[in-house]
Structures are given as C-alpha cells and as structure tokens.
Amino acid sequence: MTPGLPTASHPRLARRFNLLQATALNMTNMVGIGPFITIPLLMSALGGPQAMIGWLIAMLIAIPDGMVWSELGAAMPGSGGSYLYLREAFGRETFGRLMAFLFIWQFIFSGPLEIASGLIGFIQYSGYFLPNLTTLGRNLLATGMGLATIWLLYRKTDAIAKIAVSLWIGTLLTTAAVIVTGALHFDRMLAFDFPPGAFHLSGKFLLGLGAACRFGMYDYLGYYDVCYIGDEVKNPGKVIPRSIIISVVGVALIYLAMNLSIIGVVPWREFVPAEGNPKADFVVSLFMEKVYGPRIATIFTAMVLWTTVGSVFALLLGYSRIPYAAAQDGYFFSIFGRLHPRKQFPHVSLLVIGGMSILCSFVSLSMVIDALMTTRILVQFIGQIFAVTLLRRRAPAGERPYRIWLYPLPSLVALAGWIFIFATSDVKIILFGLGTLAAGMLFFLIWSFATRRWPFRPPAAPAIG
C-alpha cells in the first residue's frame with residue numbers, strides 16, 4: 001500500500017469555518033495597519049508612484065506562493081500551518097524536527113517584529129496629536145501600548161473574542177472611509193506624477209524595486225492564516241485553496257484603491273523621502289485634512305489609532321499560540337507549553353512574544369519590516385516550496401484535493417520572487433536573517449543533545465509512512 005500524506009496529531013476539532021468565514025479570517029489579518037503606514041515607505045523605495053510596480057510584483061509572488069500554501073493546507077488540514085508542513089515533509093523525527101524547531105525559532109523573532117510594526121504605527125499617528133514627542137516619549141508610549149495589549153489578552157478566550165470583534169469593526173470603517181473619500185476627490189494628475197527617469201533600469205532601480213516588493217509583501221502577509229486552523233475548516237480540500245486566492249485578489253483591490261486614493265489627493269513629494277519626514281508618519285491624517293479639514297482629520301486619526309490597537313491585539317493573540325502548540329508537541333522548549341493555572345491560556349508564550357514586540361518597536365519601521373521579511377523567507381516560505389516537492393516525491397499517491405496549477409511553474413516563480421526580495425535587502429539585514437538561522441541551529445543541537453534526541457540518537461520511527 002502506498003503511504004499517504006500525514007495528518008495532524010491533535011484531537012479533532014469542530015469544522016465550522018466555511019468559505020466565507022475562512023476568507024474573512026484571512027482578510028481580517030491582511031487588512032490591518034499595513035496600508036496606513038507603508039505608503040510613504042513604498043513611494044520612497046523608488047522615489048515616486050512608479051514604486052507601485054513593486055507592490056504589483058508582490059501580488060504576483062503572493063498568488064503562486066498562495067498555491068503552495070493551498071496544496072499543503074488542503075493535503076494536511078491540521079493546526080499549525082508551516083510548523084506541520086515542514087515537520088512532515090522533511091521527516092517528523094529527523095530533519096523535519098529541525099525545520100519545525102527553526103520555524104518556531106525564527107517566529108520568536110519575526111512575530112514580534114510584525115507586532116512591533118503595529119506599535120510603531122500607533123506612535124507615528126500619535127504624532128498628529130503630539131508633534132513634539134521625543135524619542136524617549138515615543139518609546140514610553142510604545143511600551144505603554146504593548147503592556148496594555150498584553151493586559152487585554154491576559155484573560156480567558158471567551159472575553160477576548162468580544163474585544164476582537166469591536167476592534168475589527170473600527171478597522172473596516174477606517175478602510176472604507178479612505179477608499180470612499182479618495183474616489184470622490186481623486187486627481188489622476190497627482191496620482192501619476194512620475195519624476196524624470198522614473199523607469200530607468202539600473203542597479204539602484206533593482207534595489208529600490210526589491211525594497212518596494214518587501215513593503216508590498218508585508219502588506220499581503222496573512223493570506224494563508226486559514227492554514228493555521230486547518231482542522232476547523234469545512235471541506236478543507238476546496239475551502240482552503242479558494243479562500244487563499246480570493247483573499248489575495250480581494251486585498252490587492254482594496255490596497256490598490258487605498259494607495260491610489262491617497263496619492264491622488266496628497267502629492268507624493270510631500271512625504272517622500274519618508275526618512276526624517278514628519279508628514280510621512282501620518283500621511284492618511286494629512287489626506288483627510290486636505291479634504292475635510294483638521295477637525296475631521298483628528299477624528300479619523302483616532303480611528304487609525306483604533307485600527308492599530310486591533311492589529312496588534314489580533315497578531316499577539318494568534319502568534320502567542322504558535323510556540324505554545326509546538327512546545328506541547330515536543331518540538332520546542334517545554335516552558336512555552338505552560339498554561340496559566342487559573343485562566344488556561346499560554347501565558348509564558350504571551351509574555352515572551354509581547355515583551356520582545358515592545359523591544360522591537362524601539363527601532364525604525366523600515367528596519368522592522370526588512371528584518372521581518374528577511375527572517376521569515378529562508379525557513380518558512382522557501383522551506384515550504386521545497387516541502388511541496390518532497391511530499392510529491394515521497395508520497396506520490398497521497399490524497400491531494402488541490403494540486404498547484406501548472407506545477408512546478410508557480411513554485412519556481414514564488415521561489416524566484418522570495419530569493420529576489422532576500423537578495424536585494426540591505427547587507428546588515430541579510431546578516432541578521434542568516435545570524436538568527438545559525439543561532440537557531442546551534443540552540444537546536446544543544447537542546448537535542450541535552451534531551452538525547454536526533455541527531456544524537458536514532459529516530460524512533462520513520463518520518464512518513
């Protein structure tokens with residue numbers, strides 16, 4: 001009998017997410033603070049609206065990469081997402097154990113970096129109310145917001161769900177307000193005001209394009225979130241792939257509308273370059289001020305701040321559960337698997353991820369996004385592309401409700417895109433990504449030696465089969 005693809009080892013949960021709900025979950029995590037804080041960085045990457053090319057290329061990377069997630073998620077609809085796919089594809093008790101550990105290890109860094117981007121966004125838009133805020137004041141404000149979010153999450157899950165719904169309503173209203181306002185006041189001469197030599201190909205242009213792609217991919221992060229709860233999805237073989245593709249295309253249209261709305265009202269030269277430019281910190285507030293005046297802009301800025309709180313809250317809620325799940329399975333340090341004795345939530349994981357998020361918020365937004373993307377690429381995104389190929393070779397007859405269209409072309413496109421984004425990063429950021437990976441491998445070896453597990457002890461059972 002030909003071995004099939006592995007399934008999750010967790011207890012079976014109720015499959016309650018249909019296509020609409022799964023798509024909503026993805027898009028909820030994709031549409032957060034990103035579009036409100038990355039537009040100045042995106043335009044600065046290439047010095048004008050031609051930077052939208054990088055954002056469009058990011059979409060062309062996200063779609064084939066979404067196909068990779070779709071095949072893996074449909075074939076192995078269990079909790080954990082990348083953690084599960086890497087573990088099973090590379091061998092549960094051998095290299096898969098290493099890859100699962102490295103995924104959680106890099107997540108300990110990249111997760112807080114993503115959460116920190118929300119904290120930084122909160123500080124930036126607070127500058128509309130507090131223009132003379134010092135660096136110390138910004139750091140204290142970020143710390144206060146981070147601690148407040150941890151406090152909100154330091155309770156039972158049923159109370160958290162009610163908070164999350166109210167925060168998301170604010171996000172929807174804020175996004176809709178930008179798109180409607182932009183549509184009513186759009187000036188195409190402003191939106192397509194390209195500088196001289198905007199499309200001149202050169203090494204500098206390619207580096208700028210890579211930066212624009214990184215900011216674009218940051219905005220798309222979350223199109224795969226349904227894969228983390230695969231064992232709660234109805235008919236996962238169809239729902240997971242469809243929800244991923246619909247989410248990418250839907251959010252692409254939302255972001256396109258938002259980006260054009262803003263640069264069609266606020267001249268891009270007012271907030272480019274973003275570095276050291278106070279207006280770049282709260283460009284959407286300026287957008288509202290130009291159309292409706294300071295009073296409405298003040299109200300809208302408060303809505304953006306509400307959106308950032310929702311973004312940080314949702315990310316910290318979900319990300320604090322990933323190290324916990326891995327520790328419960330024995331694939332990460334056991335301390336992360338502890339639950340609060342009375343309230344029954346992973347308090348150690350929450351405190352570690354939350355604390356590191358606060359520390360990461362003390363650096364610049366562009367550095368946070370670059371480090372976030374570079375850290376995740378090697379193990380998670382590129383690792384999964386190879387995981388698809390490994391699983392097809394090792395279990396060719398395994399059940400695959402969804403297969404990548406035109407395989408292996410989409411996998412190769414996604415691989416080339418991720419390599420391009422990584423290679424065009426700043427040298428220091430590349431070294432940071434490689435350094436965290438090397439440190440993770442070292443800690444894995446020390447941990448494995450201390451617990452007498454592979455590679456210092458033969459695996460107890462074959463990885464697949």
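**Entry 1**

I started with Glu71, which counts as buried at 3% relative accessibility. Here buried means under 20% relative accessible area, exposed means over 50%, and partly exposed is in between, with a 1.4 Å probe and protein chains only. Before going on, I noted that this is a predicted model, in which local features need pLDDT of at least 70 and side-chain atom pairs count only at pLDDT 80 or more, while totals for chains, interfaces and linings use all residues. Residues are numbered from 1 along each chain as its sequence is written, and side-chain values use heavy atoms, with hydrogens and water left out.

Which residue forms a salt bridge with Glu71, with the closest N and O atoms 2.8 Å apart? I found Arg392 there. A salt bridge needs a side-chain nitrogen of Lys or Arg within 4 Å of a carboxyl oxygen of Asp or Glu. Arg392 lies in helix H16 and Glu71 in helix H3, so this pair ties together parts that are 321 residues apart in sequence. Helices here are DSSP runs of H or I with at least four residues, strands are runs of E with at least two, and the numbering starts at the N terminus. Arg392 is buried too, with a relative accessible area of 17%.

Arg400 counts as buried at 11% relative accessibility.

**Entry 2: Arg87**

I then looked up Arg87, which forms a salt bridge with Asp329, the closest N and O atoms being 3.6 Å apart. The two are 242 residues apart, with Arg87 in helix H4 (residues 82–89) and Asp329 in helix H14. Are they buried or exposed? Arg87 is buried, with a relative accessible area of 2%, whereas Asp329 is partly exposed at 23%. I also saw that Arg87, Glu88, Arg92 and Asp329 are linked in a network of salt bridges. Arg87 lies over the face of Tyr83 as well, 5.3 Å from the ring centre. For the whole structure, I noted 11 salt bridges.

**Entry 3: aromatic rings**

How many aromatic pairs does a search of the whole structure find? My note says 30. One of them is Phe101 with Trp105, a stacked pair at 6.3 Å centre to centre and 15° between the planes. Rings of Phe, Tyr and Trp (its six-membered ring) pair if their centres lie within 6.5 Å; planes under 30 degrees apart are stacked, over 60 edge-to-face, and the rest tilted. Phe101 and Trp105 both lie in helix H5, four residues apart, about one turn of the helix. Phe101 is buried with a relative accessible area of 0%, and Trp105 counts as buried at 11%.

I checked another pair: Phe107 and Tyr319 have ring centres 4.7 Å apart and planes at 75°, so the pair is edge-to-face. Phe107 is in helix H5 and Tyr319 in helix H13, 212 residues apart. Both Phe107 and Tyr319 are buried. I also found one aromatic cluster whose members include Phe95, Phe101, Trp105, Phe109 and Trp454.

**Entry 4: Trp55**

My last stop was Trp55, in helix H3 (residues 52–75). Trp55 counts as buried at 1% relative accessibility. Its C-alpha atom is separated by 9.8 Å from that of Gly210, which is 155 residues away along the chain. Leaving aside neighbours within four places in sequence, I listed residues in contact with Trp55, among them Leu42, Ala212, Tyr220, Tyr255 and Asn259. Contact here means heavy atoms within 4.5 Å.

Methods. Lys NZ or Arg CZ within 6 Å of the ring centre and 35° of its normal.
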